[in-house]
Amino acid sequence: MISQIDLREIVTVGMVLFAVIDILGSIPIIVDLRSKVGHIQSEKASIVAMIIMVLFLFIGEELLNIIGIDVNSFAVAGAFVLFFLALEMILGIRLYKEEESETASIVPIAFPLIAGAGTMTTLLSLKSQYHTVNIIIAILLNMILVYLVLKSSSKIEKMLGSSGLGIIRKVFGVILLAIAVKLFAANVKGLFV
């Protein structure tokens, strides 16, 4: 297990998850939720999101087997999801619309804002290419970052401004687009074997 720890894999997976979770791009949503309900439980949201992600990392493949879908098919589907998420980030459009929530507890923040459909698809896609231990470390690092961003979202928004957040979003969108293409190329061959 320890011999599988690879810093390059952790950084790659960490950047993919950071781009998919898009916690910086979610700051306006978080600020809006905070203004509606007053307080956001940063610790609770971060811990629950991490548990959801790690659980899905381990049981997601078994769930797929029950429905008769192989990991390569899911990874290719995940590549498409990442592709469209990247397009949203780069072009500033909204392809996927989520329902407005009434409270800022576990439901809107931990799921689906942090550990949503895109994140779940990404985790299983990543599992087909990277060691599980590196993915878990990357999840943990991302959740620490998510917690820090949730705690100081209003300060970050003031510091970066809307144009700064927009630039970060577009840069990670391009990175995500490249990763989607790589993921598709690596798994599409497996569909025809």
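Phenylalanine 18 and phenylalanine 172 are both buried, where buried denotes under 20% relative accessible area, exposed over 50% and partly exposed the range in between (1.4 Å probe, protein chains only). The model is predicted, so that local features require pLDDT of at least 70 and side-chain atom pairs pLDDT 80 or more, whereas totals for chains, interfaces and linings use all residues. Residues are numbered from 1 along each chain as its sequence is written, and side-chain values rest on heavy atoms, with hydrogens and water left out.

The ring centres of phenylalanine 18 and phenylalanine 172 are 4.7 Å apart and the ring planes meet at 65°, so the pair is edge-to-face. Rings of Phe, Tyr and Trp (its six-membered ring) are taken to pair if their centres lie within 6.5 Å, with planes under 30 degrees apart counted as stacked, over 60 as edge-to-face and the rest as tilted. Because phenylalanine 18 belongs to helix α1 and phenylalanine 172 to helix α8 (residues 153–188), the pair ties together parts 154 residues apart in sequence. An edge-to-face arrangement is also assigned to phenylalanine 80 and phenylalanine 184, because their ring centres are 5.6 Å apart and their planes lie at 65°. This pair links distant parts of the chain, with phenylalanine 80 in helix α4 (residues 71–91) and phenylalanine 184 in helix α8, 104 residues apart. Phenylalanine 80 is partly exposed at a relative accessible area of 43%, and phenylalanine 184 is partly exposed at 32%. The structure holds three aromatic pairs, these two among them.

The protein chain contains eight helices and zero strands, helices (H or I, at least four residues) and strands (E, at least two) being DSSP runs numbered from the N terminus. Along the principal axes, the C-alpha atoms fill a box of roughly 50 × 35 × 30 Å. Of the 193 residues, 39% are buried. Among contacts (heavy atoms within 4.5 Å) with a separation of 6 or more, 91% involve residues 24 or more positions apart.

Within helix α5 (residues 106–114), the buried residues are Pro108, Ile109, Ala110, Leu113 and Ile114. These residues pack against α1, α2, α3 (42–67), α6 (117–127) and α7 (132–151). Helix α6 includes threonine 121, which is buried with a relative accessible area of 11%. Beyond its neighbours within four places in sequence, threonine 121 is in contact with Phe74, Ala77, Gly78 and Val81.

Most residues other than glycine have a negative phi. Aspartate 22 is placed in the loop between α1 (7–21) and α2 (27–37) and is buried, with a relative accessible area of 11%.

The accessible surface of the protein chain comes to about 10200 Å², of which 70% belongs to carbon and sulfur atoms; areas were computed by the Shrake-Rupley method with a 1.4 Å probe. The mean positions of the 14 positive and 14 negative charges are 7 Å apart, with Lys and Arg counted as positive, Asp and Glu as negative, and His and the chain ends not counted.

Key:
The place of a charge is taken as NZ of Lys, CZ of Arg, CG of Asp or CD of Glu.
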